[in-house]
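I opened this model today to look up two things. I wanted the strand order first, then the aromatic contacts.

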Amino acid sequence: MLKRYTMWKITDDVTDRDLLMHNLDYNLKALVGVAEGLESVKLVKGLTGTSHDIMIVSEFDDEIALANFKADIAYNIFAQVYIQGNLINPSILMLEE
C-alpha cells in the first residue's frame, strides 16, 4: 500500500474557502472507484504548525496504481476544476506500508 500526503495552500483569490473545501472533499471522495488506481482519499482541514491549509491523504496499491491515477481522465478533470487556480505550493510525502 502506498500512502500519498499532499499539503496545499489555498490561494488568496479564493473568496469562499468553506465552499472550496466542501467541493474538494465531496469530489475527491467521488473519485474513489471511478479514477483508476485510487483506493481511498481523505481531506484534512485546519492544519497547525505549517503554512499549508489542507492535506489530501490518498492510498494506492503501488506506484503503478498512482501513475494510472495521475493519467486518469476523471482525476485530470477534477484537477482542472478544483486545484488549478485554487491551490498552490504543494508539499508531497509518500510512504509505503
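I am working from a predicted model. I traced an open sheet of four strands, in the order β2-β3-β1-β4, with antiparallel pairing.

I followed β2 against β3 (residues 54-60) and found antiparallel pairing over seven bridges. Across from V41 I found S58 in β3.

**Helices on the sheet.** I looked up helix α1 (residues 17-31) next. Helix α1 lies across β1 (2-10), β2, β3 and β4, and runs at about 165° to β2. Helix α2 (residues 63-71) also packs on the sheet and touches β1, β2, β3 and β4. The direction of α2 makes about 40° with that of β1.

**Aromatic pairs.** I searched the whole structure and got four aromatic pairs. One of them is F60 with F69, tilted, at 5.3 Å centre to centre and 50° between the planes. Buried or exposed? F60 has 0% relative accessibility, so I count F60 as buried. F69 is buried too, at 6%.

I then checked Y75 and F78, a tilted pair with 6.4 Å centre to centre and 35° between the planes. Both lie in helix α3 (residues 73-83), three residues apart, about one turn of the helix. Y75 counts as buried at 17% relative accessibility, and F78 counts as buried at 5%.

Last entry: ring pairs link F60, F69, Y75, F78 and Y82 into a cluster.

Definitions and conventions
Residues are numbered from 1 along each chain as its sequence is written. This is a predicted model: local features need pLDDT of at least 70, side-chain atom pairs count only at pLDDT 80 or more; totals for chains, interfaces and linings use all residues. Side-chain values use heavy atoms; hydrogens and water are left out. Two strands pair if DSSP finds at least two bridges between them. Helices (H or I, at least four residues) and strands (E, at least two) are DSSP runs, numbered from the N terminus. Contact means heavy atoms within 4.5 Å. Axes are lines fitted to C-alpha atoms, for helices over the stretch in contact, and angles run from 0 to 180 degrees between N-to-C directions. Rings of Phe, Tyr and Trp (its six-membered ring) pair if their centres lie within 6.5 Å; planes under 30 degrees apart count as stacked, over 60 as edge-to-face and the rest as tilted. Buried means under 20% relative accessible area, exposed over 50%, partly exposed in between (1.4 Å probe, protein chains only).
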